[in-house]
Amino acid sequence: MRTCVLSREEAPRDGLIRLALSPDGEVLPDVRAKAPGRGAWIGVTRAELDASGKKLKGVLARAFKGAELRIPEDLGARIEDQLQRNALDRLGLEFKAGHVVIGGDRIQESARSGRLHLLLHASDAGEDGARKLAQAWRVGSDREGSGLRGLTLPIPRTILSLALGRENVVHAGLTDAKAAARTSEALDRWLRFIGSDSTPRPCETASQGASALPSEASEDERQTEGL
């Protein structure tokens, strides 16, 4: 468990975002919590972080034991960028491991056979296509009449396609329960920070089945990894 320095609420560390100091005292996001040294944890949304003003500097000064620090004006944007990259990285890794299917026909087949655990759509996906896949998922998981549906990501198909290294990826489905849980965790951190109303929810049982690109580390990530 960790405590958010702004809200003072406790939460599991995997649900919070770690901040670290660069060698020159700049506060940087460390969303994978790998940078050495003292860290500070936040569990607020980007809007709350951006509105924190002087309070943020004060709580970070205490968290870093009075160290000289500099908070970049675009800290919220940097965190959002890293969270998006982390989520797309995870999705790309699961695709390479064979846990992700793409293409309407393949996803529908997996859904109707009860092998679908998480359904994702690009922000510019057609409503009809998304609705048909969700219906197939409900049928295959024996949950007709429920609110089970896919998650529309806040990225267009161009970014989703780049994350998976394929062309024109509009929908994606995860067919492994553990992979769906890992992906959901990464997506949930990202979406909660940006204040999205949608959160990914993998099925309860096995039968129920941006500008940032995943292939390159951001400058902030390279700096925190080198701390």
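**Reading the sheets and helices**

Author: Let's begin with a strand pair: S3 and S4 run antiparallel and are joined by three bridges. Two strands count as a pair if DSSP finds at least two bridges between them. Helices (H or I, at least four residues) and strands (E, at least two) are DSSP runs, numbered from the N terminus. Before going on, note that this is a predicted model, where local features need pLDDT of at least 70 and side-chain atom pairs count only at pLDDT 80 or more, while totals for chains, interfaces and linings use all residues. Residues are numbered from 1 along each chain as its sequence is written, and side-chain values use heavy atoms, with hydrogens and water left out.

Reader: Which residue stands opposite Val27 in S4?

Author: In general, strands of a sheet pair through backbone hydrogen bonds, either parallel or antiparallel. Here, Leu21 is the residue facing Val27 of S4.

Reader: In what order do the strands of that open sheet come?

Author: The order is S4-S3-S5, three strands with antiparallel pairing. S4 (27–29) and S5 (39–42) are at the edges with a single partner strand each, so one side of each has no neighbour in the sheet. Direction ignored, neighbouring strands are turned by 35 degrees against each other on average. Axes here are lines fitted to C-alpha atoms, for helices over the stretch in contact, and angles run from 0 to 180 degrees between N-to-C directions.

Reader: Let's zoom in on a side chain. Is Arg18 buried or exposed?

Author: The words have cut-offs: buried is under 20% relative accessible area, exposed is over 50%, and partly exposed is in between (1.4 Å probe, protein chains only). Arg18 lies in strand S3 (residues 17–21), and with a relative accessible area of 7% Arg18 is buried.

Reader: What does the side chain of Arg18 make a polar contact with?

Author: A polar contact is a pair of N or O atoms within 3.5 Å; within protein, one must be able to donate a hydrogen and the other to accept it, and residues adjacent in sequence count only if both atoms are side-chain atoms. The side chain of Arg18 has such a contact with the side chain of Asp30, at 2.7 Å. The Arg18 side chain also reaches the backbone oxygen of Gly37 at 2.6 Å. If you count any contact (heavy atoms within 4.5 Å), and leave out residues up to four places away in sequence, Arg18 touches a list of residues including Leu28, Val31, Pro36 and Trp41.

Reader: Now the other sheet. In what order do its four strands come?

Author: This open sheet runs S6-S9-S7-S8, with mixed pairing. S6 and S8 are the edge strands, each pairing on one side only. Helix H7 (residues 177–194) packs on the sheet, touching S7, S8 and S9, and its direction makes about 45 degrees with that of S7.

Reader: Which residues point which way from S9?

Author: His171 and Gly173 go one way from S9 (residues 171–174), Ala172 and Leu174 go the other way, and all are buried. S9 pairs with S6 (residues 100–102) in the antiparallel sense over three bridges, and with S7 (residues 118–121), also antiparallel, over four bridges. Ala172 in S9 has Ile102 opposite, and Leu120 stands opposite Ala172 as well. Leu118 faces Leu174.

Reader: At what angle do H4 and H5 pack?

Author: H4 (residues 104–112) and H5 (residues 127–140) pack at about 20 degrees, with their axes 7 Å apart. Angles under 35 degrees count as roughly parallel, over 145 as roughly antiparallel, 65 to 115 as roughly perpendicular and the rest as oblique. H4 and H5 are therefore roughly parallel to each other. Among the residues making the contact are Ile107 and Ala111 of H4 and Leu133 and Trp137 of H5.

Reader: Which residues of H6 are buried?

Author: Ile159, Leu160, Ser161, Ala163 and Leu164 are buried in H6. The buried residues of H6 pack against helix H3 (75–96), S6 and S9.

Reader: Last one: what is the phi of Asp142?

Author: Most residues other than glycine have a negative phi, and most peptide bonds are trans. Asp142 is not a glycine, yet has a positive phi of about 60 degrees. Asp142 sits in the loop between H5 and strand S8 (151–152), and is exposed at 69% relative accessible area. Asn168 also has a positive phi, about 55 degrees, without being a glycine. Asn168 is in the loop between helix H6 (157–164) and S9, and counts as exposed at 52% relative accessibility.
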